[in-house]
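Colleague: Please take a close look at one helix for me. I would like to know how it sits in the fold and what surrounds it.

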Amino acid sequence: MKAVIQRVSRAGVTVEGELVSSIGNGLLILLGVADGDTTRDAEVLADKIANLRIFSDSDDKMNLSLLTVNGEALVVSQFTLCANCVKGRRPDFFAAAKPDTANELYEYFCERIKTAGVEKVGKGIFGADMKVELLNDGPVTIIIDSGDLKK
């Protein structure tokens, strides 16, 4: 499972011109579910993200977590994070989990980050053509792979 997390002042997702979900200060989490990912991947990734100290303290040092700042999360499913671009000019997505499995793990991840203590968790619509808008704060953008966390 891969996540691109962006510290944001605000973020929102629209589908067919309608706002589906939005957050204020917090994290936009683009989540890619790969073939072979399990609930354990979702658990370690959600716990890591909720507790990752990437928000600034009063000394302008990245010392505070999403939980500490009472931040919000917007989680958007993004199978393209599982792209393989090694051969040719068009990426393949064979490494992405099948839609049913991916959706189950996406929903589980969203529940798990709530369980970790994030009070407001917004979501996109799985499989929809979404438009994501954000105001990146910093900018701070970090990529995390659950496989690296389980070693």
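Modeller: Start just past the end of α2, where G117 takes a positive phi of about 120 degrees. The model is predicted: local features need pLDDT of at least 70, side-chain atom pairs count only at pLDDT 80 or more, and totals for chains, interfaces and linings use all residues. Residues are numbered from 1 along each chain as its sequence is written, and side-chain values use heavy atoms, with hydrogens and water left out.

Now the helix itself. Helices (H or I, at least four residues) and strands (E, at least two) are DSSP runs, numbered from the N terminus. The expected span of a helix is 1.5 Å times one less than its number of residues. For the 17 residues of α2 that gives 24 Å, and the end C-alpha atoms are 24 Å apart, so the two agree.

Next, its sides. Buried means under 20% relative accessible area, exposed over 50%, and partly exposed in between (1.4 Å probe, protein chains only). In α2, the buried residues are A102, L105, Y106, F109, C110 and I113. They cover an arc of only 145 degrees around the axis, so they lie on the same side of α2. That arc is taken from the directions from the helix axis to the C-beta atoms. The face turned away from this buried side carries the exposed residues D100, E104 and T115.

What does the buried side meet? Its residues pack against β3, α1, β6 and β7 (121-123). Contact here means heavy atoms within 4.5 Å. Take I113: leaving aside neighbours within four places in sequence, I113 is in contact with I29, A46, I49, A50, V118 and V121.

Step back to the core. A nonpolar core is a set of buried Ala, Val, Leu, Ile, Met, Phe, Trp, Tyr and Cys residues joined through side-chain atoms within 4.5 Å. The largest one has 29 residues, and I29, I49, F109 and I113 touch the most other members. At least two residues each come from β1 (2-15), β3 (26-32), α1 (39-51), β6 (72-77), α2 (99-115) and β8 (130-145). The largest share, 6 residues, comes from α2. In soluble globular proteins, nonpolar side chains tend to be buried together.

Last, the cysteine in the helix. C110 counts as buried, at 1% relative accessibility. Its sulfur is 15 Å from the closest cysteine sulfur, in C82, too far for a bond. A disulfide is a pair of cysteine sulfur atoms within 2.5 Å, and the structure holds 0 disulfides.
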